[in-house]
Amino acid sequence: MNQRIVHHPVLGSLDAGKSLHFRFNGTTYPAYEGETIAAALLASGVRTLRVHEEKGTPRGIYCNIGHCYECRVTVDGVPTVRACMTLVQDGMEVTAGVVLPTPLKKGGHSQ
Amino acid sequence: MIDALIIGAGPAGLSAAIACAKQGLSVRIVDEFYRAGGRLLGQLHQEPNGTWWNGMEEAARLDREARAAGVEIACGVSVFNVVPSSSGWIASTTEGEIETSLLLIATGASETAVPVPGWTLPGVMSIGAAQVMTNVQRVRVGERGVIIGVNILSVAIARELQLAGIQIDRMILPPVSTVTGKAGFPEAVMRSLLRVAHLAPSPLIRWGSQLMKSSWMQRLGVSLYPSQGFSMWDIPIQLRTAALEIVGTNQVEGVRIARVAPDGQPIPGSEQIIPADFVCIAGGLSPLAELAAIAGCPFAYVPSLGGHVPIHNDRMQTPLPGLFVAGNITGVESAKVAMAQGIVAGLSMADAHGALADSAELENAIRQVGIVRQRATIQFHPDIDEGRATVGQLALASTGK
Ligand SMILES: Cc1cc2nc3c(=O)[nH]c(=O)nc-3n(C[C@H](O)[C@H](O)[C@H](O)COP(=O)(O)OP(=O)(O)OC[C@H]3O[C@@H](n4cnc5c(N)ncnc54)[C@H](O)[C@@H]3O)c2cc1C
Ligand code: FES
(Lines give C-alpha, C1' and ligand atoms only; values in the text may rest on other atoms or scores of the structure.)
(Ligands and ions follow the chains in the order given, each with its own letter.)
Protein backbone atom coordinates (compact mmCIF):
# COMPACT_ATOMS: atom_id res chain seq x y z
CA MET A 1 0.00 0.00 0.00
CA ASN A 2 1.33 3.43 -0.90
CA GLN A 3 -0.83 6.37 0.06
CA ARG A 4 1.54 9.12 -1.07
CA ILE A 5 0.02 11.93 -3.10
CA VAL A 6 2.32 11.84 -6.09
CA HIS A 7 0.41 14.24 -8.33
CA HIS A 8 -1.37 17.29 -7.01
CA PRO A 9 -3.25 19.73 -9.25
CA VAL A 10 -1.97 22.83 -7.42
CA LEU A 11 1.10 21.72 -5.49
CA GLY A 12 2.59 19.82 -8.40
CA SER A 13 4.44 16.50 -8.41
CA LEU A 14 5.85 15.01 -5.23
CA ASP A 15 9.52 15.81 -4.88
CA ALA A 16 10.51 12.71 -2.93
CA GLY A 17 13.86 12.62 -1.19
CA LYS A 18 16.28 9.69 -0.96
CA SER A 19 14.56 6.42 -0.12
CA LEU A 20 15.22 4.99 3.34
CA HIS A 21 14.10 2.11 5.50
CA PHE A 22 13.17 1.94 9.15
CA ARG A 23 11.61 -0.59 11.46
CA PHE A 24 8.38 -0.30 13.38
CA ASN A 25 7.61 -3.07 15.87
CA GLY A 26 10.03 -5.35 14.05
CA THR A 27 8.63 -4.86 10.54
CA THR A 28 10.64 -2.95 7.93
CA TYR A 29 8.91 -0.04 6.17
CA PRO A 30 10.02 2.26 3.36
CA ALA A 31 10.23 6.03 3.76
CA TYR A 32 11.65 9.03 1.96
CA GLU A 33 14.14 11.44 3.45
CA GLY A 34 12.21 14.34 5.00
CA GLU A 35 9.20 12.24 6.01
CA THR A 36 8.01 12.02 9.58
CA ILE A 37 7.57 8.64 11.23
CA ALA A 38 3.80 9.21 11.36
CA ALA A 39 3.57 10.12 7.67
CA ALA A 40 5.75 7.25 6.50
CA LEU A 41 3.72 4.74 8.51
CA LEU A 42 0.40 6.14 7.32
CA ALA A 43 1.68 5.96 3.74
CA SER A 44 2.08 2.21 4.34
CA GLY A 45 -1.38 1.95 5.86
CA VAL A 46 -0.28 1.84 9.51
CA ARG A 47 -2.56 3.95 11.71
CA THR A 48 -1.94 2.57 15.18
CA LEU A 49 1.17 4.00 16.83
CA ARG A 50 0.66 2.84 20.41
CA VAL A 51 -1.90 1.50 22.81
CA HIS A 52 -3.26 3.33 25.81
CA GLU A 53 -0.87 2.62 28.68
CA GLU A 54 -3.64 1.39 30.94
CA LYS A 55 -6.62 0.34 28.86
CA GLY A 56 -4.76 -1.07 25.86
CA THR A 57 -7.00 0.73 23.36
CA PRO A 58 -5.27 1.65 20.08
CA ARG A 59 -4.12 5.22 19.32
CA GLY A 60 -2.80 7.03 16.26
CA ILE A 61 -2.08 10.65 15.41
CA TYR A 62 -4.56 13.33 16.42
CA CYS A 63 -3.11 16.82 15.87
CA ASN A 64 -0.09 16.00 13.65
CA ILE A 65 1.68 19.19 14.82
CA GLY A 66 3.10 18.23 18.18
CA HIS A 67 0.39 19.50 20.51
CA CYS A 68 -1.51 16.43 21.71
CA TYR A 69 1.15 13.74 22.34
CA GLU A 70 -1.19 11.03 21.06
CA CYS A 71 1.50 9.78 18.66
CA ARG A 72 4.27 9.06 21.16
CA VAL A 73 6.55 6.14 20.31
CA THR A 74 9.99 4.88 21.33
CA VAL A 75 12.76 5.73 18.87
CA ASP A 76 16.13 3.96 19.17
CA GLY A 77 15.42 3.37 22.85
CA VAL A 78 14.25 6.92 23.62
CA PRO A 79 10.65 6.89 24.92
CA THR A 80 7.93 9.53 24.40
CA VAL A 81 9.10 10.75 21.01
CA ARG A 82 6.39 12.43 18.92
CA ALA A 83 6.04 10.45 15.67
CA CYS A 84 4.39 13.45 13.95
CA MET A 85 7.41 15.71 14.59
CA THR A 86 10.30 13.31 14.08
CA LEU A 87 11.88 12.64 10.71
CA VAL A 88 12.70 9.08 9.75
CA GLN A 89 16.41 8.23 9.66
CA ASP A 90 17.74 5.26 7.76
CA GLY A 91 17.83 2.18 10.00
CA MET A 92 15.77 3.76 12.77
CA GLU A 93 14.14 1.39 15.26
CA VAL A 94 10.67 2.54 16.27
CA THR A 95 8.44 0.71 18.71
CA ALA A 96 4.86 1.40 19.71
CA GLY A 97 3.87 2.26 23.24
CA VAL A 98 2.56 -0.74 25.16
CA VAL A 99 0.26 -1.39 28.10
CA LEU A 100 2.11 -0.63 31.33
CA PRO A 101 1.55 -2.25 34.70
CA THR A 102 -0.61 -0.17 37.07
CA PRO A 103 0.25 -1.66 40.46
CA LEU A 104 -1.09 1.31 42.35
CA LYS A 105 -4.44 1.17 40.66
CA LYS A 106 -5.40 -2.43 41.41
CA GLY A 107 -7.46 -2.40 44.60
CA GLY A 108 -6.17 1.10 45.07
CA HIS A 109 -9.38 2.48 46.47
CA SER A 110 -8.76 2.87 50.18
CA GLN A 111 -11.63 3.00 52.64
CA MET B 1 23.85 36.97 24.26
CA ILE B 2 21.63 37.58 21.26
CA ASP B 3 19.49 40.69 20.87
CA ALA B 4 16.22 38.97 20.03
CA LEU B 5 14.92 35.43 20.46
CA ILE B 6 11.76 34.49 18.63
CA ILE B 7 9.76 31.42 19.60
CA GLY B 8 7.83 30.15 16.59
CA ALA B 9 8.82 30.20 12.91
CA GLY B 10 5.31 30.75 11.60
CA PRO B 11 4.39 33.74 9.43
CA ALA B 12 4.43 36.04 12.49
CA GLY B 13 7.80 34.91 13.84
CA LEU B 14 9.54 34.87 10.46
CA SER B 15 8.21 38.31 9.49
CA ALA B 16 9.28 39.73 12.85
CA ALA B 17 12.74 38.21 12.47
CA ILE B 18 13.21 39.73 9.03
CA ALA B 19 12.04 43.16 10.21
CA CYS B 20 14.32 43.35 13.23
CA ALA B 21 17.34 41.69 11.63
CA LYS B 22 17.14 44.35 8.91
CA GLN B 23 17.50 46.98 11.65
CA GLY B 24 20.77 45.36 12.67
CA LEU B 25 19.73 43.16 15.62
CA SER B 26 21.16 39.67 16.07
CA VAL B 27 18.14 37.37 15.86
CA ARG B 28 17.52 33.69 16.48
CA ILE B 29 14.27 31.76 15.88
CA VAL B 30 13.51 28.41 17.44
CA ASP B 31 10.63 26.17 16.36
CA GLU B 32 9.74 22.67 17.43
CA PHE B 33 8.48 21.61 14.00
CA TYR B 34 11.07 20.09 11.67
CA ARG B 35 10.82 22.94 9.20
CA ALA B 36 10.06 26.65 9.30
CA GLY B 37 6.73 28.09 8.19
CA GLY B 38 4.30 27.20 10.96
CA ARG B 39 0.72 26.60 9.92
CA LEU B 40 1.38 28.53 6.76
CA LEU B 41 2.96 25.36 5.33
CA GLY B 42 -0.35 23.58 4.97
CA GLN B 43 -2.43 26.48 3.64
CA LEU B 44 -3.84 26.30 0.15
CA HIS B 45 -6.73 28.59 -0.66
CA GLN B 46 -8.18 30.00 -3.82
CA GLU B 47 -8.46 33.78 -3.54
CA PRO B 48 -11.61 35.52 -4.80
CA ASN B 49 -9.67 36.53 -7.96
CA GLY B 50 -8.96 32.86 -8.71
CA THR B 51 -5.25 32.75 -7.83
CA TRP B 52 -4.01 30.25 -5.25
CA TRP B 53 -2.58 31.20 -1.89
CA ASN B 54 0.16 28.58 -1.68
CA GLY B 55 1.38 28.58 1.91
CA MET B 56 4.29 26.32 1.10
CA GLU B 57 5.71 28.90 -1.31
CA GLU B 58 5.03 31.78 1.08
CA ALA B 59 6.80 29.91 3.87
CA ALA B 60 9.79 29.16 1.66
CA ARG B 61 10.02 32.83 0.67
CA LEU B 62 9.93 34.01 4.31
CA ASP B 63 12.49 31.39 5.30
CA ARG B 64 14.84 32.51 2.50
CA GLU B 65 14.42 36.19 3.34
CA ALA B 66 15.06 35.60 7.03
CA ARG B 67 18.23 33.63 6.39
CA ALA B 68 19.40 36.27 3.91
CA ALA B 69 18.89 38.92 6.61
CA GLY B 70 21.19 36.93 8.89
CA VAL B 71 18.56 35.28 11.09
CA GLU B 72 19.61 32.00 12.66
CA ILE B 73 16.76 29.46 12.41
CA ALA B 74 16.81 26.37 14.64
CA CYS B 75 14.08 23.79 13.92
CA GLY B 76 13.24 20.74 16.04
CA VAL B 77 13.77 22.74 19.24
CA SER B 78 10.92 22.99 21.78
CA VAL B 79 10.74 25.76 24.36
CA PHE B 80 9.21 24.71 27.66
CA ASN B 81 9.96 27.60 30.00
CA VAL B 82 10.77 31.30 29.93
CA VAL B 83 11.92 33.38 32.90
CA PRO B 84 12.98 37.01 33.19
CA SER B 85 16.65 37.66 33.93
CA SER B 86 18.53 40.78 34.99
CA SER B 87 19.30 41.60 31.36
CA GLY B 88 16.26 40.23 29.54
CA TRP B 89 14.92 36.71 29.27
CA ILE B 90 16.11 33.12 29.51
CA ALA B 91 14.31 30.44 27.50
CA SER B 92 14.68 26.77 28.43
CA THR B 93 14.68 24.60 25.34
CA THR B 94 15.22 20.94 24.51
CA GLU B 95 18.69 22.07 23.33
CA GLY B 96 19.60 24.00 26.47
CA GLU B 97 19.08 27.55 27.71
CA ILE B 98 19.10 30.62 25.50
CA GLU B 99 19.68 34.11 26.89
CA THR B 100 18.31 37.10 25.06
CA SER B 101 17.61 40.74 25.78
CA LEU B 102 14.30 40.76 23.88
CA LEU B 103 11.84 37.89 23.58
CA LEU B 104 9.01 37.45 21.08
CA ILE B 105 6.50 34.67 21.61
CA ALA B 106 4.83 33.80 18.31
CA THR B 107 3.59 30.29 19.02
CA GLY B 108 0.37 30.55 16.99
CA ALA B 109 -2.83 28.69 17.72
CA SER B 110 -3.92 25.21 18.63
CA GLU B 111 -7.08 23.38 17.71
CA THR B 112 -9.90 22.95 20.17
CA ALA B 113 -10.65 19.27 20.69
CA VAL B 114 -14.20 17.97 20.43
CA PRO B 115 -14.46 14.68 22.30
CA VAL B 116 -17.08 12.89 20.19
CA PRO B 117 -17.51 9.33 21.53
CA GLY B 118 -14.97 7.10 19.76
CA TRP B 119 -12.61 9.99 18.99
CA THR B 120 -9.51 8.18 20.23
CA LEU B 121 -9.70 5.51 17.50
CA PRO B 122 -6.79 5.57 15.03
CA GLY B 123 -8.04 7.31 11.90
CA VAL B 124 -9.72 10.11 13.85
CA MET B 125 -7.71 13.32 13.66
CA SER B 126 -8.12 17.05 13.88
CA ILE B 127 -8.93 18.86 10.66
CA GLY B 128 -5.54 20.61 10.87
CA ALA B 129 -3.80 17.23 11.12
CA ALA B 130 -5.40 16.20 7.85
CA GLN B 131 -4.31 19.49 6.27
CA VAL B 132 -0.66 19.00 7.24
CA MET B 133 -0.67 15.30 6.27
CA THR B 134 -2.17 16.07 2.87
CA ASN B 135 -0.50 19.30 1.81
CA VAL B 136 2.83 19.19 3.65
CA GLN B 137 3.56 15.50 4.08
CA ARG B 138 1.72 14.50 0.91
CA VAL B 139 0.14 11.37 2.33
CA ARG B 140 -3.56 10.53 1.92
CA VAL B 141 -5.32 10.41 5.28
CA GLY B 142 -7.76 7.82 3.92
CA GLU B 143 -10.05 7.00 1.02
CA ARG B 144 -13.33 8.33 2.26
CA GLY B 145 -13.96 10.36 5.36
CA VAL B 146 -16.42 12.36 7.39
CA ILE B 147 -15.74 15.83 8.77
CA ILE B 148 -17.38 16.61 12.09
CA GLY B 149 -17.67 20.35 12.70
CA VAL B 150 -18.63 22.90 10.06
CA ASN B 151 -16.65 26.14 10.22
CA ILE B 152 -14.47 28.23 7.96
CA LEU B 153 -11.35 26.17 8.56
CA SER B 154 -13.03 22.81 8.02
CA VAL B 155 -14.78 23.98 4.85
CA ALA B 156 -11.49 25.30 3.45
CA ILE B 157 -9.62 22.10 4.35
CA ALA B 158 -12.38 19.86 2.99
CA ARG B 159 -11.69 21.45 -0.37
CA GLU B 160 -7.93 20.89 0.08
CA LEU B 161 -8.48 17.19 0.80
CA GLN B 162 -10.71 16.91 -2.24
CA LEU B 163 -8.01 18.48 -4.42
CA ALA B 164 -5.65 15.72 -3.29
CA GLY B 165 -8.12 13.08 -4.43
CA ILE B 166 -9.54 12.24 -1.03
CA GLN B 167 -13.28 11.77 -0.88
CA ILE B 168 -15.28 13.63 1.75
CA ASP B 169 -18.49 11.71 2.27
CA ARG B 170 -20.11 14.60 4.12
CA MET B 171 -19.61 17.36 6.67
CA ILE B 172 -21.86 17.21 9.71
CA LEU B 173 -22.21 18.77 13.17
CA PRO B 174 -20.83 17.41 16.44
CA PRO B 175 -23.37 16.23 19.00
CA VAL B 176 -24.75 19.00 21.21
CA SER B 177 -23.00 18.94 24.58
CA THR B 178 -21.48 21.32 27.08
CA VAL B 179 -18.12 21.08 25.32
CA THR B 180 -19.32 21.51 21.75
CA GLY B 181 -21.44 24.56 22.61
CA LYS B 182 -22.69 26.44 19.58
CA ALA B 183 -20.95 24.13 17.10
CA GLY B 184 -23.83 21.66 17.60
CA PHE B 185 -26.63 24.14 16.89
CA PRO B 186 -27.65 24.28 13.22
CA GLU B 187 -28.69 27.94 13.37
CA ALA B 188 -25.50 29.19 14.97
CA VAL B 189 -23.43 27.26 12.44
CA MET B 190 -25.56 28.58 9.59
CA ARG B 191 -24.99 32.12 10.78
CA SER B 192 -21.23 31.69 10.97
CA LEU B 193 -21.18 30.11 7.51
CA LEU B 194 -22.90 33.13 6.05
CA ARG B 195 -19.77 35.10 6.83
CA VAL B 196 -17.69 32.90 4.57
CA ALA B 197 -20.23 32.55 1.81
CA HIS B 198 -18.09 34.76 -0.42
CA LEU B 199 -15.66 31.84 -0.61
CA ALA B 200 -18.32 29.58 -2.09
CA PRO B 201 -17.81 28.81 -5.74
CA SER B 202 -21.48 28.43 -6.40
CA PRO B 203 -23.41 31.60 -7.19
CA LEU B 204 -26.40 29.89 -5.67
CA ILE B 205 -24.81 29.88 -2.24
CA ARG B 206 -23.71 33.46 -2.68
CA TRP B 207 -27.25 34.46 -3.54
CA GLY B 208 -28.67 32.35 -0.78
CA SER B 209 -26.42 33.95 1.78
CA GLN B 210 -27.57 37.41 0.76
CA LEU B 211 -31.17 36.31 1.17
CA MET B 212 -30.57 34.85 4.55
CA LYS B 213 -28.92 37.76 6.31
CA SER B 214 -31.85 38.41 8.62
CA SER B 215 -32.29 36.10 11.54
CA TRP B 216 -35.83 34.95 10.75
CA MET B 217 -34.59 34.03 7.30
CA GLN B 218 -31.84 31.99 8.87
CA ARG B 219 -34.30 30.08 10.99
CA LEU B 220 -36.35 29.44 7.90
CA GLY B 221 -33.22 28.41 6.02
CA VAL B 222 -32.23 25.91 8.63
CA SER B 223 -35.67 24.36 9.01
CA LEU B 224 -36.31 24.29 5.26
CA TYR B 225 -33.00 22.74 4.39
CA PRO B 226 -33.49 19.39 2.81
CA SER B 227 -32.05 16.72 5.06
CA GLN B 228 -29.42 16.13 2.37
CA GLY B 229 -28.15 19.64 3.11
CA PHE B 230 -26.38 21.60 0.40
CA SER B 231 -23.10 21.11 -1.37
CA MET B 232 -19.94 23.14 -1.77
CA TRP B 233 -17.57 21.80 -4.42
CA ASP B 234 -19.89 18.73 -4.45
CA ILE B 235 -19.13 18.08 -0.79
CA PRO B 236 -22.41 17.57 1.09
CA ILE B 237 -22.69 19.90 4.08
CA GLN B 238 -25.46 18.70 6.35
CA LEU B 239 -26.38 21.13 9.10
CA ARG B 240 -29.33 19.02 10.17
CA THR B 241 -27.23 15.93 10.80
CA ALA B 242 -24.95 15.25 13.75
CA ALA B 243 -22.39 12.60 14.61
CA LEU B 244 -23.39 10.57 17.65
CA GLU B 245 -20.40 8.25 17.77
CA ILE B 246 -17.35 7.18 15.77
CA VAL B 247 -17.37 3.41 15.45
CA GLY B 248 -14.65 0.82 14.83
CA THR B 249 -12.64 -1.84 16.64
CA ASN B 250 -8.97 -1.19 15.86
CA GLN B 251 -9.50 1.88 13.72
CA VAL B 252 -12.29 4.01 12.28
CA GLU B 253 -14.88 2.01 10.38
CA GLY B 254 -17.76 4.45 10.31
CA VAL B 255 -19.80 7.12 12.02
CA ARG B 256 -23.19 6.73 13.69
CA ILE B 257 -25.21 9.77 12.69
CA ALA B 258 -28.73 11.09 13.22
CA ARG B 259 -30.84 13.89 11.85
CA VAL B 260 -31.26 16.70 14.35
CA ALA B 261 -33.93 19.28 15.08
CA PRO B 262 -33.04 23.00 14.79
CA ASP B 263 -31.97 22.91 18.46
CA GLY B 264 -29.44 20.18 17.71
CA GLN B 265 -31.34 17.36 19.42
CA PRO B 266 -31.32 14.01 17.55
CA ILE B 267 -34.62 12.98 15.93
CA PRO B 268 -35.60 9.52 17.19
CA GLY B 269 -35.56 6.81 14.53
CA SER B 270 -33.27 8.74 12.15
CA GLU B 271 -30.03 7.04 13.18
CA GLN B 272 -27.79 5.27 10.70
CA ILE B 273 -24.17 4.19 10.41
CA ILE B 274 -22.19 5.48 7.45
CA PRO B 275 -18.88 3.86 6.47
CA ALA B 276 -15.64 5.89 6.61
CA ASP B 277 -11.96 5.06 7.00
CA PHE B 278 -11.07 8.41 8.52
CA VAL B 279 -12.79 11.16 10.48
CA CYS B 280 -11.69 14.76 10.95
CA ILE B 281 -12.81 16.75 13.95
CA ALA B 282 -12.98 20.53 13.61
CA GLY B 283 -13.47 22.37 16.88
CA GLY B 284 -11.98 25.74 15.94
CA LEU B 285 -8.76 27.45 17.00
CA SER B 286 -7.55 29.15 20.14
CA PRO B 287 -4.33 31.06 20.88
CA LEU B 288 -1.46 28.85 22.05
CA ALA B 289 -0.40 31.14 24.86
CA GLU B 290 1.02 28.92 27.61
CA LEU B 291 4.53 30.35 27.36
CA ALA B 292 3.24 33.91 27.83
CA ALA B 293 1.34 32.69 30.89
CA ILE B 294 4.46 31.05 32.30
CA ALA B 295 6.36 34.29 31.68
CA GLY B 296 3.88 36.01 33.97
CA CYS B 297 2.08 38.08 31.36
CA PRO B 298 -1.44 39.27 32.29
CA PHE B 299 -4.25 37.86 30.14
CA ALA B 300 -7.72 38.82 28.97
CA TYR B 301 -10.51 36.46 27.96
CA VAL B 302 -11.79 37.69 24.59
CA PRO B 303 -14.03 35.16 22.80
CA SER B 304 -13.84 36.97 19.43
CA LEU B 305 -10.05 36.53 19.47
CA GLY B 306 -10.35 32.82 20.22
CA GLY B 307 -10.06 32.78 24.01
CA HIS B 308 -7.41 33.87 26.51
CA VAL B 309 -4.87 36.27 25.00
CA PRO B 310 -1.83 37.97 26.53
CA ILE B 311 -2.41 41.69 27.00
CA HIS B 312 -0.40 43.74 24.49
CA ASN B 313 -0.53 47.15 22.83
CA ASP B 314 -0.58 47.98 19.12
CA ARG B 315 3.23 47.78 19.11
CA MET B 316 2.92 44.14 20.19
CA GLN B 317 4.54 44.91 23.55
CA THR B 318 3.25 43.14 26.65
CA PRO B 319 3.32 44.87 30.04
CA LEU B 320 6.45 42.82 30.87
CA PRO B 321 9.73 44.54 29.93
CA GLY B 322 11.31 43.05 26.80
CA LEU B 323 8.44 40.63 26.13
CA PHE B 324 6.58 40.84 22.82
CA VAL B 325 3.83 38.76 21.18
CA ALA B 326 2.63 38.50 17.57
CA GLY B 327 0.39 36.39 15.37
CA ASN B 328 -2.32 33.99 16.44
CA ILE B 329 -1.20 34.02 20.07
CA THR B 330 -2.74 37.52 20.19
CA GLY B 331 -5.99 36.40 18.52
CA VAL B 332 -6.92 33.97 15.77
CA GLU B 333 -6.71 35.56 12.33
CA SER B 334 -5.31 34.57 8.95
CA ALA B 335 -1.64 34.27 8.01
CA LYS B 336 -1.54 37.63 6.26
CA VAL B 337 -2.56 39.40 9.46
CA ALA B 338 0.04 37.36 11.37
CA MET B 339 2.72 38.54 8.94
CA ALA B 340 1.67 42.18 9.28
CA GLN B 341 1.73 41.86 13.08
CA GLY B 342 5.12 40.18 12.89
CA ILE B 343 6.57 43.17 11.06
CA VAL B 344 5.22 45.47 13.78
CA ALA B 345 6.73 43.27 16.50
CA GLY B 346 10.09 43.16 14.71
CA LEU B 347 10.29 46.93 14.31
CA SER B 348 9.02 47.45 17.81
CA MET B 349 11.81 45.22 19.17
CA ALA B 350 14.34 47.19 17.14
CA ASP B 351 12.90 50.36 18.67
CA ALA B 352 13.18 48.92 22.19
CA HIS B 353 16.80 48.13 21.35
CA GLY B 354 17.38 51.73 20.27
CA ALA B 355 18.12 50.60 16.72
CA LEU B 356 15.05 51.72 14.79
CA ALA B 357 16.33 54.18 12.19
CA ASP B 358 12.97 55.65 11.21
CA SER B 359 10.05 55.56 13.64
CA ALA B 360 7.62 56.33 10.81
CA GLU B 361 8.27 52.79 9.59
CA LEU B 362 6.76 51.39 12.77
CA GLU B 363 3.74 53.70 12.56
CA ASN B 364 3.17 52.60 8.97
CA ALA B 365 3.46 48.94 9.91
CA ILE B 366 0.85 49.41 12.63
CA ARG B 367 -1.54 51.01 10.14
CA GLN B 368 -0.85 48.19 7.70
CA VAL B 369 -2.16 45.60 10.18
CA GLY B 370 -5.56 47.30 10.11
CA ILE B 371 -5.57 47.43 6.32
CA VAL B 372 -4.66 43.76 5.95
CA ARG B 373 -7.35 42.85 8.48
CA GLN B 374 -10.00 44.71 6.51
CA ARG B 375 -9.04 42.89 3.31
CA ALA B 376 -8.66 39.40 4.79
CA THR B 377 -10.42 36.68 2.81
CA ILE B 378 -10.60 34.39 5.78
CA GLN B 379 -12.02 35.87 8.92
CA PHE B 380 -12.37 33.58 11.86
CA HIS B 381 -14.72 35.85 13.81
CA PRO B 382 -16.98 38.79 12.89
CA ASP B 383 -16.11 40.87 15.97
CA ILE B 384 -12.33 40.88 15.69
CA ASP B 385 -12.09 44.69 15.69
CA GLU B 386 -14.02 44.90 18.94
CA GLY B 387 -11.88 42.22 20.53
CA ARG B 388 -8.71 44.01 19.46
CA ALA B 389 -10.00 47.27 20.90
CA THR B 390 -10.75 45.61 24.24
CA VAL B 391 -7.20 44.28 24.49
CA GLY B 392 -5.80 47.69 23.49
CA GLN B 393 -7.71 49.37 26.31
CA LEU B 394 -6.51 46.80 28.82
CA ALA B 395 -2.93 47.38 27.68
CA LEU B 396 -3.37 51.09 28.13
CA ALA B 397 -4.79 50.55 31.61
CA SER B 398 -1.94 48.25 32.63
CA THR B 399 1.04 50.18 31.26
CA GLY B 400 -0.17 53.60 30.25
CA LYS B 401 1.10 52.84 26.70
C1 LIG C 1 -3.83 23.32 12.48
C2 LIG C 1 -4.05 24.73 11.98
C3 LIG C 1 -4.42 24.95 10.65
C4 LIG C 1 -4.60 26.24 10.18
N5 LIG C 1 -4.98 26.41 8.87
C6 LIG C 1 -5.20 27.66 8.42
C7 LIG C 1 -5.61 27.84 7.08
O8 LIG C 1 -5.77 26.90 6.31
N9 LIG C 1 -5.82 29.13 6.66
C10 LIG C 1 -5.64 30.21 7.48
O11 LIG C 1 -5.82 31.34 7.05
N12 LIG C 1 -5.26 30.03 8.75
C13 LIG C 1 -5.06 28.80 9.23
N14 LIG C 1 -4.68 28.62 10.54
C15 LIG C 1 -4.52 29.81 11.37
C16 LIG C 1 -3.03 30.09 11.40
O17 LIG C 1 -2.64 29.87 12.71
C18 LIG C 1 -2.63 31.44 10.85
O19 LIG C 1 -3.04 31.57 9.53
C20 LIG C 1 -1.12 31.67 10.90
O21 LIG C 1 -0.37 30.54 10.46
C22 LIG C 1 -0.70 32.11 12.26
O23 LIG C 1 0.66 32.43 12.23
P24 LIG C 1 1.54 32.44 13.53
O25 LIG C 1 2.89 32.80 13.06
O26 LIG C 1 0.89 33.25 14.56
O27 LIG C 1 1.53 30.95 14.09
P28 LIG C 1 1.84 29.53 13.44
O29 LIG C 1 1.79 29.55 11.99
O30 LIG C 1 0.94 28.58 14.16
O31 LIG C 1 3.34 29.24 13.90
C32 LIG C 1 3.69 29.02 15.24
C33 LIG C 1 4.93 28.20 15.29
O34 LIG C 1 5.37 28.11 16.64
C35 LIG C 1 5.89 26.85 16.89
N36 LIG C 1 5.79 26.58 18.33
C37 LIG C 1 4.66 26.58 19.09
N38 LIG C 1 4.97 26.33 20.37
C39 LIG C 1 6.31 26.16 20.43
C40 LIG C 1 7.22 25.87 21.49
N41 LIG C 1 6.80 25.72 22.76
N42 LIG C 1 8.53 25.74 21.20
C43 LIG C 1 8.97 25.89 19.90
N44 LIG C 1 8.15 26.18 18.87
C45 LIG C 1 6.84 26.32 19.14
C46 LIG C 1 5.04 25.92 16.05
O47 LIG C 1 5.73 24.73 15.76
C48 LIG C 1 4.76 26.77 14.82
O49 LIG C 1 5.65 26.49 13.78
C50 LIG C 1 -4.45 27.34 11.04
C51 LIG C 1 -4.09 27.11 12.37
C52 LIG C 1 -3.90 25.83 12.85
C53 LIG C 1 -3.51 25.62 14.30
S1 FES D 1 -0.23 13.74 16.78
FE2 FES D 1 -0.43 15.24 18.32
S3 FES D 1 1.60 15.31 19.08
FE4 FES D 1 1.79 14.00 17.39
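Visitor: How many residue pairs are in polar contact between chain B and chain A?

Guide: In this predicted model, the count is 13 residue pairs, with both residues of each pair at pLDDT 80 or more. The elements of chain B that give two or more residues to the side touching chain A are β4 (52–54), β9 (109–111), β10 (124–126), α3 (127–136) and β17 (278–281).

Visitor: Which element gives the most to that side of chain B?

Guide: That is α3(B), with six residues.

Visitor: How many salt bridges are counted between chain B and chain A?

Guide: A salt bridge here needs a side-chain nitrogen of Lys or Arg within 4 Å of a carboxyl oxygen of Asp or Glu. The count between the two chains is one. The side chains of B:E32 and A:R82 form it, at 3.2 Å from N to O.

Visitor: What area do chain B and chain A bury between them?

Guide: About 3200 Å², of which 59% lies on carbon and sulfur atoms. On the chain B side, B:Y34, B:R138 and B:R140 supply 23% of the area buried against chain A, more than any other three residues. As for contacts, 42 residues of chain B touch 34 residues of chain A.

Visitor: Turning to chain A, what is the order of the strands in the open sheet?

Guide: The five strands follow the order β4-β3-β9-β7-β8, and the pairing is mixed. From one strand to the next the twist averages 40°.

Visitor: Why is one side of β4 and of β8 left without a neighbour in the sheet?

Guide: β4 (27–32) and β8 (78–82) of chain A stand at the edges and each has a single partner strand, so one side of each lacks a neighbour in the sheet.

Visitor: Which strands run parallel, and where do the residues stand opposite each other?

Guide: In a regular strand the side chains alternate between the two faces of the sheet. Here, β3 (residues 19–24) and β9 (residues 93–96) of chain A run parallel and are joined by two bridges. A:R23 stands opposite A:E93 in β9(A).

Visitor: What do β7(A) and β8(A) form?

Guide: They form a hairpin, with two residues between the strands. β7 (residues 72–75) of chain A runs antiparallel to β8(A), and three bridges join them. A:V75 has A:V78 as its bridge partner in β8(A). In the turn, A:D76 has a positive phi of about 45°.

Visitor: Where does UniProt place the feature "domain: MnmG N-terminal"?

Guide: The unreviewed UniProt entry places this feature at residues 315–350 of chain B. Over those residues the chain is 44% helix and 8% strand, with the end C-alpha atoms 11 Å apart.

Methods
Residues numbered from 1 in each chain as written. Chains lettered and ligands numbered in written order. Predicted model: local features only at pLDDT ≥ 70, side-chain atom pairs only at ≥ 80, totals over all residues. Heavy atoms only, no water. UniProt positions renumbered as here; feature names shortened; annotations may be inferred. Helix = DSSP H or I, 4+ residues; strand = E, 2+ residues; numbered from the N terminus. Pairing = 2+ DSSP bridges. Axes fitted to C-alpha atoms, helices over the stretch in contact; angles between N-to-C directions. Contact = heavy atoms within 4.5 Å. Buried area = accessible area lost by both parts, 1.4 Å probe. Polar contact = N/O pair within 3.5 Å; in protein donor to acceptor, adjacent residues only side chain to side chain.
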